[in-house]
Amino acid sequence: MDTAAFGSTEMEMLWLSIVLGIAQILLAALFSVGKRGLPWGIGPRDHAPAPLGLTGARIERASRNFLDTFPFFLGAVLIANTLNKHGAQTATGAQLYFWARVAYLPAYVFGVPVLRTLIWAASLVGIGMVLRGVWPGM
């Protein structure tokens, strides 16, 4: 992808993270409808849903976990962009966040407990790197 089209590596990673988040939501929805049926998927969902099964439940939890971290990444990148503070640290942090989130889904789906947690932590380190890069005096 051409980083210049986005203005910065951080904005490119933000765009890619949005696409990743949408893909995870769609994947979770596909597993949900596949297991629970279309009537449940398009209905009012007034009753307890049928269990998703192991893989579907893991995909749903991974998707929710993405949504837990994404607002912080979004905020950090928008601060960097607004302040026009782009550098190696903010770019590397944004890339670390994105690639860790890419790796998180298969690690969660395949049930790799320690690695999954390390990948999650790496995504938070990425957010921290972006924030540190925009901190005054850094």
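Me: In what order do the elements of the chain run from the N terminus on?

Reply: Going from the N terminus, the order is α-α-α-α-α. That makes 5 helices and 0 strands. Helices (H or I, at least four residues) and strands (E, at least two) are DSSP runs, numbered from the N terminus. Please keep in mind that this is a predicted model, where local features need pLDDT of at least 70, side-chain atom pairs count only at pLDDT 80 or more, and totals for chains, interfaces and linings use all residues. Residues are numbered from 1 along each chain as its sequence is written, and side-chain values use heavy atoms, with hydrogens and water left out.

Me: What does the C-alpha trace of the chain span along its principal axes?

Reply: The trace spans about 55 × 30 × 25 Å.

Me: How should I read the reach of α3?

Reply: The expected span of a helix is 1.5 Å times one less than its number of residues. Here α3 has 30 residues, and from first C-alpha to last it reaches 43 Å, close to the 44 Å expected.

Me: Where does α3 bend?

Reply: A bend at a residue is the angle between axes fitted to the seven residues ending there and the seven starting there. In α3 the bend is about 35 degrees at T69, and a proline, P71, follows within four residues.

Me: Is S63 buried or exposed?

Reply: Buried means under 20% relative accessible area, exposed over 50%, and partly exposed in between (1.4 Å probe, protein chains only). S63, which sits in helix α3, is buried, because its relative accessible area is 6%. For the whole chain, 38% of the 138 residues count as buried.

Me: Which residues does S63 touch, leaving aside those up to four places away in sequence?

Reply: A contact means heavy atoms within 4.5 Å. By that rule S63 touches Q24, I25 and A28. S63 and L27 are 36 residues apart in sequence, yet 8.7 Å apart in space, C-alpha to C-alpha. Across the chain, residues 24 or more positions apart account for 75% of the contacts with a separation of 6 or more.

Me: Where does N84 lie?

Reply: You will find N84 in the loop between α3 (53-82) and α4 (88-109). Just after α3, N84 takes a positive phi of about 55 degrees. N84 counts as exposed because its relative accessible area is 60%. In space N84 is 9.5 Å from S8, C-alpha to C-alpha, although the two are 76 residues apart in sequence.
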